[in-house]
Amino acid sequence: MRKQYDLELNELNTKLIEMAAFVEQAVSDSLKALKERDAKLAHKVSRNDREVDSMERQIEDMCMLLLLKQQPVAGDLRFISSALKIITDLERIGDQAQDICEISLSMDQKPLSVTPDIISNMFEEASAMIKMAIDAFITEDEDLANQCIAHDDVVDELFLTCRRKIIKELKEDRDDPEELIDLLQIAKYLERVADHAQNIGEWVIYSLTGHHKDYLGEGTFGD
């Protein structure tokens with residue numbers, strides 16, 4: 001019975017990692033679609049969001065079955081509880097990638113004229129946070145999870161820089177204010193991507209330690 005239980009836990013772990021990789025690719029593709037004005041790729045990312053939703057439902061079902069059938073305790077219970085939270089944040093990151101692509105498709109098919117470097121940096125830093133969070137989950141690395149959480153300040157500062165630049169451009173009465181508003185919305189979506197990656201990092205720490213500063217009291221489900 002324990003052998004079957006371990007197999008089910010391993011399958012859950014594998015499915016979660018697959019979902020994370022799929023979402024990470026969606027964020028990367030949304031940047032490429034925006035920078036290269038690639039409508040075909042943007043449509044692909046939008047369509048693939050249904051696959052992300054399907055992955056979330058499948059993993060959620062696996063978690064619920066494990067909770068009902070196995071009645072896990074201590075570390076296993078924390079792992080399954082964290083997985084349920086992590087897939088929610090991954091699904092929302094997928095939504096943000098889709099939202100970015102939908103904005104990209106609505107924009108004029110011309111090179112971006114404002115803030116392309118800042119937007120690119122936000123993509124890179126937010127993507128780095130996703131990678132850190134998932135790598136921390138895979139390797140059970142609490143220090144890496146903490147690095148991910150701390151890195152959110154970098155993305156927040158980039159967002160503020162982007163917003164200040166866009167406001168300055170709007171005050172100067174640019175010819176294309178719609179592009180500026182679209183880019184500000186994209187920057188906000190990226191700031192939210194980083195927030196969700198930070199959440200994942202926090203759930204990784206909870207899975208390892210039983211402590212979650214924002215959601216749960218210390219020692220809950222502890223060993």
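**Reading helix packing**

Modeller: We may begin with handedness: the crossing of α1 and α2 is left-handed, that is, the near helix is turned anticlockwise from the far one by less than a right angle. Helices here are DSSP runs (H or I, at least four residues), numbered from the N terminus. This is a predicted model, in which local features need pLDDT of at least 70 and side-chain atom pairs count only at pLDDT 80 or more, while totals for chains, interfaces and linings use all residues. Residues are numbered from 1 along each chain as its sequence is written, and side-chain values use heavy atoms, with hydrogens and water left out.

Colleague: At what angle do α1 and α2 pack, and how far apart are their axes?

Modeller: Two packed helices are described by the angle between their axes and the distance between the axes. Axes are lines fitted to C-alpha atoms, for helices over the stretch in contact, and angles run from 0 to 180 degrees between N-to-C directions. For α1 and helix α2 (residues 39–70), the angle is about 160° and the axes are 10 Å apart. Therefore α1 is roughly antiparallel to α2 (over 145 degrees).

Colleague: How do the axes of α1 and α3 cross?

Modeller: They cross at roughly 20° and come within 9 Å. α1 is therefore roughly parallel to α3 (under 35 degrees). The crossing of α1 and α3 is left-handed.

Notes:
Helix = DSSP H or I, 4+ residues; strand = E, 2+ residues; numbered from the N terminus. Parallel < 35°, antiparallel > 145°, perpendicular 65-115°, else oblique.
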